[in-house]
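Open the structure in your viewer and keep the sequence panel beside it. The stops below go one selection at a time.

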Amino acid sequence: MIIDVLLDALLDTAKLIPFLFVTYFLMEYLEHKTKEKSRTMIKKAGRFGPLMGGILGAFPQCGFSAAASGFYAGGVISVGTLMAIFLSTSDEMIPIFISEAVSLSVIFKVLALKVGIGIISGFGIDFLWKKHEKNPHNHTEHHEKDIHDLCEHEHCHCEQGSILKSSLWHTIQIVVFIFLVSFVIGFLVESVGAERIGGLISRQPVIGVFLAALIGMIPNCAASVIITQMYLGGILGVGQMIAGLLAGAGVGLLVLFRSNRGVKENLCITLLLYGVSIFWGILIELTGVVL
């Protein structure tokens with residue numbers, strides 16, 4: 001069984017390599033052309049930051065969630081703008097959807113849902129956060145930080161100007177993740193049974209939302225890979241997938257804890273991200289939204 005699952009995972013992953021490389025190459029090209037404009041727009045957004053952050057966060061750009069954490073630590077953007085970017089960030093979802101030939105209408109619906117949730121949540125969080133900060137004892141001082149450390153952390157060479165090198169490195173990283181995730185999922189499905197796994201989650205949709213959001217909190221692109229693959233495999237429902245993808249801020253949370261000195265504040269933002277993701281995931285599950 002293990003050999004069969006291993007071969008299936010290798011075959012399925014190999015089929016995706018050309019699509020992933022082309023997708024990442026285009027993404028890297030667009031990033032090199034637009035990243036400075038995006039950052040400038042975020043800086044100048046002011047009170048409309050959550051709107052701009054939610055929209056720009058949907059475009060998969062290397063280090064955008066990390067840059068947002070640096071902006072927040074430096075007092076440039078609000079917590080609502082930071083949250084809007086975290087919630088709308090797509091990470092590896094788009095490349096996997098494209099490589100798996102998911103219809104463009106479904107991809108746009110997922111993106112629109114994440115952007116809308118990010119914008120609404122961002123404005124709401126800003127409103128509540130500002131009321132909380134009116135108490136001088138709750139004020140946290142922000143300090144200017146370096147915001148260009150994501151690519152150094154991931155060693156993806158994004159800042160070195162080599163689009164081809166960066167695209168190849170991202171493709172290799174995601175191929176390894178997809179293979180490992182596919183193998184684990186395949187092993188679980190063969191061991192437990194697809195019907196039993198699907199039945200368990202369908203009978204416990206709320207618990208599935210909590211678990212998916214918890215997986216999404218993993219500060220790595222592996223989280224969005226796991227969530228997307230489980231959804232495409234029919235294991236997760238729409239609400240569960242959205243909860244996991246909303247919580248998936250990539251390495252943004254790592255950069256936040258590294259660059260922002262307020263540990264309690266960072267923990268509060270992390271719990272807030274998890275709670276908001278669960279809320280929207282449960283709401284989608286209960287309303288029966290279909291993509």
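Start with glycine 75, which lies just after helix 3 and has a positive phi of about 75 degrees. Keep in mind throughout that this is a predicted model.

Now step back and select helix 3, residues 64-73. How many of its residues are buried? The count is 10 of 10, so helix 3 is mostly covered, where buried means under 20% relative accessible area. The buried residues include Phe64, Phe71 and Tyr72, along with Ser65, Ser69 and Gly70. The alanines Ala66, Ala67, Ala68 and Ala73 are also among them.

To see the contact, show the side chains of Phe64, Ser65, Ala68, Ser69 and Tyr72 on helix 3, and of Val79, Leu82, Ile85 and Phe86 on helix 4. Sorted by class, the contact of helix 3 with helix 4 has seven nonpolar residues, two polar ones and no charged ones.

Next, go to alanine 101, in the loop between helix 5 (93-99) and helix 6 (104-133). Its phi is near 60 degrees, a positive value in a residue other than glycine. Is alanine 101 buried or exposed? Alanine 101 is exposed, since its relative accessible area is 66% and the cut-off for exposed is over 50%.

Move on to helix 13 (residues 252-259) and helix 14 (residues 263-287). Their axes come within 9 Å and cross at roughly 165 degrees. That angle makes helix 13 roughly antiparallel to helix 14. The crossing of helix 13 past helix 14 is right-handed. On helix 13, select Leu253, Leu256 and Phe257; the residues they meet on helix 14 are Val263, Asn266, Leu267, Ile269, Thr270 and Leu273. This contact of helix 13 with helix 14 has seven nonpolar residues and two polar ones, with no charged residue.

For the last stop, look for aromatic pairs, of which the count comes to two. One of them is phenylalanine 279 with tryptophan 280, with 5.4 Å from centre to centre and 80 degrees between the planes, an edge-to-face arrangement. Tryptophan 280 counts as buried because its relative accessibility is 17%.

Note on methods. Residues are numbered from 1 along each chain as its sequence is written. This is a predicted model: local features need pLDDT of at least 70, side-chain atom pairs count only at pLDDT 80 or more; totals for chains, interfaces and linings use all residues. Side-chain values use heavy atoms; hydrogens and water are left out. Axes are lines fitted to C-alpha atoms, for helices over the stretch in contact, and angles run from 0 to 180 degrees between N-to-C directions. Helices (H or I, at least four residues) and strands (E, at least two) are DSSP runs, numbered from the N terminus. Angles under 35 degrees count as roughly parallel, over 145 as roughly antiparallel, 65 to 115 as roughly perpendicular and the rest as oblique. A crossing is left-handed if the near helix is turned anticlockwise from the far one by less than a right angle, and right-handed if clockwise. Contact means heavy atoms within 4.5 Å. Ala, Val, Leu, Ile, Met, Phe, Trp, Tyr, Cys and Pro count as nonpolar, Asp, Glu, Lys and Arg as charged, and the others, Gly among them, as polar. Rings of Phe, Tyr and Trp (its six-membered ring) pair if their centres lie within 6.5 Å; planes under 30 degrees apart count as stacked, over 60 as edge-to-face and the rest as tilted. Buried means under 20% relative accessible area, exposed over 50%, partly exposed in between (1.4 Å probe, protein chains only).
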